[in-house]
Amino acid sequence: ITVTTLAVNITALVLLAFVAMVIAREQRRARDAALRLSTIDPLTGLFNRSFFFAAVEREIARSARSGRGFCLLMMDLDELKSINDRVGHYHGDRVLRSVGDVILSGVRQIDTAARYGGDEFVVLLPETDPTGAFVLAEKIRIGVNAIAIELPGASPRPSLSIGVVSYPDDGRTADELII
C-alpha cells in the first residue's frame, strides 16, 4: 500500500507541475500580447506615440548624463488625404504600411521609429549628429518615393516631408523638440 500511495502522490505532483507549466506559458503569452498591443501601432508595426515619448524622455536623461546629443526625425506623409479621398482608406492603409516598412528598413536597432499620428511618423536617433540624421532622412525620403505600390486610377504618389532636430541645440524637452 505504501508503494501505491507513493506512486499516486508522484503522479499527482507530475500532473500539477505540468498544469502549472501550461498556465505559466499562457500567462506569459497573454502578457506579451498585452505589452505588444500597448506599445505597437497595429497598422504599421512601428511603436506608438506613447512608447515614443517614453523613449525620448529616457534618451534626454541619458544624454544629459553622457553629454552626447541625439536627433529626431519628424515625417509627414504627403498626399495621404488625397489617396484616402480618391481611392479609399484600404489603399491609404496600404501606403501607411509601406511607409512604415521603409522607415523600419532604414533605422538601426538602437533607433526608435514610431507612428506619431494619422500620417505622421517620428524616429529617435540616439548618439546621432544632424549630418547623420539628414543622411537617414534622405534615405527614407527616397525609399518612400520609390515605393512600388499600385494605386487605382490617377492616384498621387506618396512622398514624405521630413524635419530634423537635435538635442540639446533645438530643444531640451520632448515638447520643445517636437515643436
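Lys81 is exposed, with a relative accessibility of 61%; here buried means under 20% relative accessible area, exposed over 50%, and partly exposed in between (1.4 Å probe, protein chains only). The structure is a predicted model, in which local features need pLDDT of at least 70 and side-chain atom pairs count only at pLDDT 80 or more, while totals for chains, interfaces and linings use all residues. Residues are numbered from 1 along each chain as its sequence is written, and side-chain values use heavy atoms, with hydrogens and water left out.

Side chains of opposite charge can pair when their charged atoms come close. Across the whole structure, 8 salt bridges are found, a salt bridge being a side-chain nitrogen of Lys or Arg within 4 Å of a carboxyl oxygen of Asp or Glu. One of them links Lys81 to Asp85, with an N to O distance of 2.8 Å. Both residues belong to helix α3, where they are 4 residues apart, about one turn of the helix; helices (H or I, at least four residues) and strands (E, at least two) are DSSP runs, numbered from the N terminus. Asp85 is also exposed, at 54% relative accessibility.

A second pair is formed by Glu138 and Arg141, whose closest N and O atoms are 2.6 Å apart. These residues are 3 residues apart in helix α5, which means that about one helical turn separates them. Glu138 is partly exposed at 35% relative accessibility, and Arg141 is partly exposed at 28%. Elsewhere, salt bridges that share partners join Glu59, Arg62, Arg68 and Glu127 into one network.

Arg68 is partly exposed, with a relative accessible area of 46%, and Glu127 is partly exposed at 45%.

The backbone was examined next. Most residues other than glycine have a negative phi, and most peptide bonds are trans. Glu127, although not a glycine, has a positive phi of about 50°. Glu79 likewise is not a glycine and has a positive phi, of about 75°; this residue is placed in the loop between β1 (70-78) and α3 (80-87), and is partly exposed at 38% relative accessible area. A cis peptide bond, with omega of about 5°, joins Tyr167 and Pro168. Pro168 is located in the loop between β4 (159-167) and α6 (174-178).

Two packed helices are described by the angle between their axes and the distance between the axes. Helix α4 (residues 89-106) packs with helix α5 (residues 130-145) at an angle of about 145°, and their axes are 9 Å apart. Axes are lines fitted to C-alpha atoms, for helices over the stretch in contact, and angles run from 0 to 180 degrees between N-to-C directions. The contact (heavy atoms within 4.5 Å) involves Val99, Val102, Ile103, Ser105 and Gly106 of α4, together with Leu136, Lys139, Ile140, Gly143 and Val144 of α5.
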